[in-house]
Amino acid sequence: MAKKARVVRWGIPVAAAAVVAAAVGAGPVIASVGGEPSLPDRTAEQLLADVARTWQHGPMPQMSGTIVETASLGLPSLPGLSGPGPSGASPVSLLSGSHQLKIWYAGENRFRIMLPGEMSETDLIADGDKVWLWDSAANKATRLTAPAAPGGTATPFPLPSRPASLPTTPEQAAREVLKAAGTDTAISVGDDVTVAGRGAYQLVLTPKSSDSLVRDVRVALDGETMMPLRVQLYAKGAAEPAFEVGFETLSFTSPAPENFAFTPPPGAKVEQGVDVPAAGHRPETLPGAHDGTRVVGSGWDAVLVAPLPAATDEKRNERKGGGPDVAALLGGVRSVATPVSGEWGSGRLLRTKVVSILLTDDGRLLAGAVTPDALYRAAR
């Protein structure tokens, strides 16, 4: 049933890089099925309060399901952008196409996340104090150490902390987008939808900034548990979502114990990994901030500014066995980008539906879900 739009403002401080990281897109693959559900009317204020209360006090329900993430920057074919990495999917490869994620969750310290590849899989498996990262393509098992709380006691292994090669979940995406919703965002309630067979409310977050390339972001909340089921991002002028991550199947039942049992197979390489940050941990500065990486602006207008890697750094990256080929990727961007210049200097611009990227001739990279003019202002 349609909801009467009631606009509110949400005063959470903005996580500037969240929108840039999420602003990728392709057509929808997690379709609403069946007729519109009939849920009790809730205002945007009530839904936001329900979600905040659930995240603060309510444990995540036991469940198992399949998540689909679809993303495409609308870029031409670029070296280093497509193709799986040694773990089945590199962080850069997740910026295009569709990716499936299977999840079994029985508690904060008992869960399994599996990213299937064409002929491989990557698993993050936690069973109490036993935490493993299994990479079948590399035939490597890494034993991870759960973080310790103050006083030396072990804390539950945090589900939000995941290897960079794993795509996001609807809850992670919802947390980031709600943090990114500052006073420059209008929040309303959209039509009820059905996601993975579950009736859900829709929060609609609409940027007020004229510089933003984002029309709105829609967060589907389970009508019973208030758990995020799907997050969709729409670009201005587009009828289909530019990015979405959501449940394709979902069952709120306790997963079978064998899902959390793992023993490295014979012949596998076994390593000891580093400690994983505690749940809720956020670095005080952005990665690479000591090298000059920073954020200009705030909210939907945020622009990431970073120094381009030196030639020696690019060659070092080429020699690495893992990770994206930064040199090839940047070279590909330069080859298809348009030459531009202004008071800020000169460089090359690449614009997609929801992301603009500027490579300046003085060695900077600027990117954001904003118009080119916003990048030029940040470059000054």
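User: Over how many bridges do β15 and strand β19 (residues 364–368) pair in the antiparallel sense?

Analyst: This is a predicted model: local features need pLDDT of at least 70, side-chain atom pairs count only at pLDDT 80 or more, and totals for chains, interfaces and linings use all residues. Residues are numbered from 1 along each chain as its sequence is written, and side-chain values use heavy atoms, leaving out hydrogens and water. Strands (E, at least two residues) and helices (H or I, at least four) are DSSP runs numbered from the N terminus, and two strands pair if DSSP finds at least two bridges between them. For antiparallel β15 and β19, the number of bridges is four.

User: Which residue in β19 is the bridge partner of Val305?

Analyst: β19 covers residues 364–368. Within β19, Val305 has as its bridge partner Leu366.

User: Which are the edge strands of the open sheet?

Analyst: Six strands form this sheet, in the order β14-β15-β19-β18-β17-β16, with antiparallel pairing. An edge strand here pairs on one side only, which leaves β14 (294–296) and β16 (338–342).

User: How many residues lie between β14 and β15 in their hairpin?

Analyst: β14 pairs with β15 (residues 303–307) in the antiparallel sense over three bridges. In the turn, Gly297 has a positive phi of about 85°. The number of residues between the two strands is six.

User: Does Glu171 count as buried or exposed?

Analyst: Glu171 is part of helix α3 (residues 170–179). Buried means under 20% relative accessible area, exposed over 50%, and partly exposed in between (1.4 Å probe, protein chains only). Because its relative accessibility is 16%, Glu171 counts as buried.
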